[in-house]
Amino acid sequence: MAAHLSSGRVNLTALREAGRRELREFLDKCAGSKAIVWDEYLTGPFGLIAQYSLLKEHEVEKMFTLKPGRLPPADVKNIIFFVRPKLELMDIITDNVLREDRGRSPQRDFHILFVPRRSLLCEQWLKEQGVLGSFIHREQYSLDLIPFDGDLLSMESDSAFKECYLESDQTSLYHAAKGLMTLQALYGTIPQIFGKGDCARHVANMMIRMKREFPGSQNSIFPVFDTLLLLDRNVDLLTPLATQLTYEGLIDEIYGIQNTSEDFFDNLTVEQEFMSGIDTDKVNNYIEDCIAQKHPLIKILRLVCLQSVCNSGLKQKVLDHYKREILQTYGYEHILTLNNLEKAGLLKPQTGGRNNYPTIRKTLRLWMDDVNEQSPNDISYVYSGYAPLSVRLAQLLARPGWRSIEEVLKMLPGPHFEERQQLPTGLQKKRQQGENRVTLVFFLGGVTYAEIAALRFLSQMEDGGTEYIIATTKLINGTTWIKSLMEKLEPAPF
Amino acid sequence: MDCYTANWNPLGEETFYRKLELYSMEWGLREDLRDCVVAAAPYGGPIALLRNSRRDKIPGARPLLEIYSSSGLLLASVPWKSGRLVHLGWTAGEDLLCIQEDGTVLVYNLFCEFKRHFSMGNEVLQNHVLEAQVFHTEFGTGVAILTGALRFSLATNIDDLKLRRLPEVPGLQKPPPCWAVLSQDRVTMVLLAVGQELFLLDNTSCSVVSPPGLSPSAGPFLHMAVSFTHRHLALFSDSGTVWMGTASLKEKFCEFNTGIRSPPKQMVWCTRPRSRQRAVVLAWERQLMVVGNSSECIRYKQLTIEVLLDRLVLRRLYPLAIRICEFLRLPEIQGVSRILAHWACYKVQQKDKSDEEVAQAINQKLGDTAGISYSDIATRAYDCGRAELAIKLLEYEPRSGEQVPLLLKMKRSKLALGKAIESGDTDLVYTVVLHLKNELNRGTFFMTLQNQPVALSLYRQFCRHQERETLKDLYNQDDNHQELGNLHVQGGYCEQRIEGRVAALQNALDEFYKAKNDFAAKATEEQIKLLRLQRHLQEELDKPYLDLSLHDTVATLILDGHHKRAEQLYRDFRIPDKRYWWLKINALATRGDWEEMEKFSKSKKSPIGYLPFVEVAVKHHNRYEAKKYAPRVPPEQRVKAFVLVGDLEQAAEAAIERKNEAEMSLVLARCSAGTDGAVAEKLNRARAQLLKK
């Protein structure tokens, strides 16, 4: 069991074990039989930490989904709410508690487990509703980075991108920083931090502050990671929009899409034209035809956004044409979704009339004409020609360093930076000949399977010199990503 | 060697014992301990004494509460001015609990300084405390009360007070001769004896239990003792028998007849560290008996070094504690830091020194020692009424998040907001923002947020979920017309009536104009126009049209054969020709109206060409119709069109005519050997010729 977690260069089992231990300790605090009331959103992430058997061993007899109204009958001593610290959820819990039959015998004890952090705000909220005193244990379960695979950690936060880039809510970044502190507590201080983007800067700042806030807590673990690379998703908006052409990526993409193969190839052709810089500045016939035939909206949005990103924004006339076509075909309510895409920078009018994409493409060699898909020699195989920008940044950081691409870095949004964390002399690494460096790449706002494949490819390159571990707020693909940015307006029936 | 064994006496056959005096008590007590309420803390902790006021010889004289060290040194004393005391007990942290008859529990530290008090509840207040016990479990220190109404009430942890009233014991007429608190599987229960019966009381039920293997000659129970770990139980019955076993009453260790039928004054478990013996010590007026059996080894090492240090700290022996830490090389956080923090908390209570002096003295000693919480020390200062000192101390706190709760308590909310933002912890920011919201008037509150963008965006998030109206006010204040427009659009979709929706959209439209977003304004105008039209259609055609997109509205009209109306919308909404043609031929094909489609194809030159006609017809499995359009497809798409309709011969001809090798291969791939041999041969020949050139 869990062999997949210990297979990589860094043994992530330790992280999961720490998570399990914390969970067991909490369950044991609530003596006797228990029922768990789940914030549905959490069941997936918890499944990666602990099987049902672990819960059962600790006297969990029933599981319910959190919803308003009276709690289902269950002859247990304890009712434990596993929830994210969200006010909407506190309202539901309040309703549950107030409807509990007080004359009921035997009485059930209530507890709350906040994931990933206890919240003063929520407790204050519960206090104002007069139910805070009903909870015997109120604790937190710091489930920030969940081990997914031997080289992959995810926070499983669906809304991180939207919150960070649309709503200026940096809660998920705080959790990311906390998660990185936990990781450092288990695997040693990471001596070098690089980053690109506003969110990356914010996370690095918080990490440095958190370290400073505990000055004496000198970590005595030999560092496993050499480098941390923090990357904002909005530094590379292009990659998730393109269709992933690796095995795992393709499965991820095709799932739930019923396109004819012919259309699939037409779609790919247009994507590849855009990425290689062909005809990105005018209205595309294929997109128009797809709208006219009312192909799925998300497919259209992906293509239009891809074109916009590959052209550093669209001419106002082109942009307005697409928008109008979309609103007339799919409904005017999508005006809010379009607005969100604009706020996120996925869709925008070209300002200053300058298209930086060709420079970026050429300097970072994002488009490779001669792809060898049978025995790949470059990461561009994951998109049949397009090399993911994000992964190129990681690759160039390792060799020859970012100094060589200063100009391009300035064209991409947000600051780029480097920080060093001091290590006591005893812990400084003396690298053996031929020993690879280990870099943790943290994608703030999501990562695709194709990017993971590209990083794994770099890890396996014989003369690569660097192995990569990947962390992210969420595993995404173009469809799930765009969906998370869509505004769901459901008209009240007239 | 014999000097080591010289003073050992045999006890039974294999065991020996010796008696020696460790030290003599320093106290010179004037009265007999029997006349006092006494409590000795575990692990050689302090001893508290209160001369029993009931037996006080001089009426009106105040009894004295005295605390001695375990060797009898007087630590402190204070005249007892409160109500009638029933019981004394020590907490695990060496606080003295004084349980009064009315159920009030007063908490003192070991210097007889009053700390706080709490009540055991109304029921206890009304019926009075008859008996009380202080007990220790993994949850902390608890208090159990037997009231005058013969009901038990208990609190498992006095630091997190949750009172529980246990169920009634059926047939209980007078106080039970003995009872004890048990903790099993983290559940706290009361075991009591009524004559020959034992009752176990948990939160909800009262059940009769019986010790396994108890000899039938054992009479009513007179005394019981639970071991410190709550694992073992000893019962003394009036036949003089002692039963020893597990507290779960599942296993018996042994039974022994003492030959003494009067109840012992005391009965306690005695399991020494490293001892292989579990023993119970019974004491009568002039007799001491050790009852035990030899079996497996039980070891407890509960007085850890941390507890030892805590005890030194409690006795304010700071330098000694620090020396011990240094000697044992304890990590700073467990050792020196903790002691310094305690010292500092004591220091802030010294009222004779100025705030400045105290703050400096503390910082000088503590510096930035790891694990020191300046905010904890500041909180203590504030609790002692020294707000200024608290602020000074907070300045030394490196963790901005830690400063927030105290700053809020001290009503320095704006300062707290800055610190919360600095910490990056959005939960803290939210907390302060909502605090500010209650504290300030609306105008000032909004102004405060204006200067703090992080707080402002979080508050917007809060409003988005909880107070949409406030969100409007916020955007209004910023003149953010785009967002106001968006809000109106969203609001429109919650409207139950179409008039409401239109009105909301009208508002949105105005805002979009103000935002200079002409595109959004025009789109919204169109949307209103469409809604009105749909309502009209819905009434006239008696079919739901509202909330269809413009595309679907037109498509539905065509599907139902209302071609004129569809045409009208196409013109009114300036639908681009290409899209309209696609839409129309798809709808006509779905309807199966091939005649209308053909007519339409001839109405003017198709802006989308004729391949879509072929594709749409094929999609609807009508090859016959599809074939009609294939010849009209321009040469560059003609091969594809003929392949689609299945006319390989024509496809081959077109490909050969265009001298296009790729297209020839495409057709060849569709040729099956049996039926299309001639076509294939023709193609192969043409291709060979092409390659020759």
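Reply: Helices (H or I, at least four residues) and strands (E, at least two) are DSSP runs, numbered from the N terminus. The model is predicted, and local features are taken only where pLDDT is at least 70 and side-chain atom pairs only at pLDDT 80 or more, while totals for chains, interfaces and linings use all residues. Residues are numbered from 1 along each chain as its sequence is written, chains are lettered from A and ligands numbered from 1 in the order in which they are written, and side-chain values use heavy atoms, with hydrogens and water left out.

A cavity is a set of points, on a 1 Å grid over the protein atoms alone, where a 1.4 Å probe fits but cannot get out, and its lining residues have an atom within 4 Å of a point. Grid points are joined across faces, edges and corners, and the volume is the space filled by probe spheres set on the points. By this rule there are 2 cavities of 30 Å³ or more, and the largest cavity has a volume of about 40 Å³. Its lining is made up of A:Leu231, A:Asp232, A:Arg233, A:Val235, A:Asp236, A:Leu389, A:Ser390, A:Leu393 and A:Phe443. Strand E9 (227-232) and helix H18 (389-398) of chain A are the elements that give two or more residues to this lining, and H18(A) has the largest share, with 3 residues. If Ala, Val, Leu, Ile, Met, Phe, Trp, Tyr, Cys and Pro are called nonpolar, Asp, Glu, Lys and Arg charged, and the others, Gly among them, polar, then the lining holds 5 nonpolar, 1 polar and 3 charged residues.

Most residues other than glycine have a negative phi, and most peptide bonds are trans. The peptide bond from A:Arg399 to A:Pro400, however, is cis, with omega near 5 degrees, and A:Pro400 is in the loop between H18 and helix H19 (406-411) of chain A. Another cis bond joins A:Val115 to A:Pro116, with omega near 0 degrees, and A:Pro116 sits in the loop between strand E4 (109-114) and helix H6 (120-128) of chain A.

Further out is the interface with the partner chain. With contact taken as heavy atoms within 4.5 Å, 65 residues of chain A touch 66 residues of chain B. A salt bridge places a side-chain nitrogen of Lys or Arg within 4 Å of a carboxyl oxygen of Asp or Glu, and the rule finds 8 of them across the interface of chain A and chain B. In one of these bridges, the side chain of A:Arg209 meets that of B:Glu422 at 3.4 Å, N to O. Helix H15 (residues 316-330) of chain A contributes the most to the side of chain A that touches chain B, with 9 residues, and that side as a whole comprises 24 nonpolar, 16 polar and 25 charged residues. The loop between helix H14 (297-309) and H15 of chain A holds A:Ser312, whose phi is near 50 degrees, a positive value in a residue other than glycine.

Terms used:
1 Å grid on protein atoms, 1.4 Å probe; cavity = no way out; pocket = protein on both sides within 12 Å on 5 of 7 lines; lining within 4 Å.
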